[in-house]
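Please open the structure in your viewer and keep the sequence beside it.

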Amino acid sequence: ILLLNSWMSLVVITLLALAVAGPSPVESWPPACDELLPGQFSCNQPVFTPNCTDNYTVQCETASPGLLCVNQSNATSNSFTRLLQCQYQTNGYSYELALVLSVLLGIFGVDRFYLGYPAMAIMKFSSFGGLLVWWLLDIVLIATQALKPVDQSDYQMRLDGPHMLRLSLNLHQSHSYYDSPVIVREDL
């Protein structure tokens with residue numbers, strides 16, 4: 001009788017704990033397509049227009065045909081459209097083309113001509129790439145996106161391509177000696 005009484009009190013305590021906790025949250029399945037995590041879907045490469053100021057849509061589909069999601073029209077499917085925002089102002093200068101020109105023909109200043117710096121291109125051509133030092137420097141500057149086109153626009157590049165993230169440390173915005181310095185993140 002003592003064992004049965006202990007078992008009954010354990011069941012009652014468990015039922016009370018479940019009643020107090022309430023029902024467990026149930027995930028909605030299938031999830032909304034906007035809630036999919038990176039890696040669960042892939043999108044077609046969007047076409048960037050010069051001076052991108054509006055949002056644009058791309059066609060996407062889930063990574064696995066068995067993974068379904070609820071799209072904007074409340075239909076369950078493995079394909080959907082995704083709204084993306086313009087992050088960069090481009091004027092048609094291709095990052096990949098600028099880098100290839102710099103590596104292959106940068107000794108002759110072709111990369112500087114392409115980016116709109118004709119005077120520097122002529123100096124680079126006449127000095128054989130600054131005795132190869134200027135040539136190597138321009139490869140690094142273009143690869144890190146520190147050298148921009150003459151109009152200071154951003155390069156036109158793939159959405160999943162390399163984008164520079166610049167971190168800067170500002171020690172002048174601290175309020176007291178013991179405050180930590182402010183780190184500013186700028187997406188380029």
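Which polar atom lies 2.9 Å from the backbone oxygen of V140? Select V140 together with T144, and you will find that the atom belongs to the side chain of T144, a pairing of the kind called a polar contact (N or O atoms within 3.5 Å; within protein, one must be able to donate a hydrogen and the other to accept it, and residues adjacent in sequence count only if both atoms are side-chain atoms). T144 sits in the loop between α6 (133-143) and β7 (154-156), where helices (H or I, at least four residues) and strands (E, at least two) are DSSP runs numbered from the N terminus. With a relative accessible area of 32%, T144 is partly exposed; buried means under 20%, exposed over 50%, and partly exposed in between (1.4 Å probe, protein chains only).

Before going further, note that this is a predicted model, in which local features need pLDDT of at least 70 and side-chain atom pairs count only at pLDDT 80 or more, while totals for chains, interfaces and linings use all residues. Residues are numbered from 1 along each chain as its sequence is written, and side-chain values use heavy atoms, with hydrogens and water left out.

Next, select D138, which is buried at a relative accessible area of 0%. R112 forms a salt bridge (a side-chain nitrogen of Lys or Arg within 4 Å of a carboxyl oxygen of Asp or Glu) with D138, the closest N and O atoms being 2.8 Å apart. R112 lies in helix α3 (residues 110-115) and D138 in helix α6, so this pair ties together parts that are 26 residues apart in sequence.

Finally, centre the view on C69, which touches residues including P30, C33, L36 and F80, a contact being heavy atoms within 4.5 Å.

Definitions and conventions: Lists of a residue's contacts leave out its neighbours within four places in sequence.
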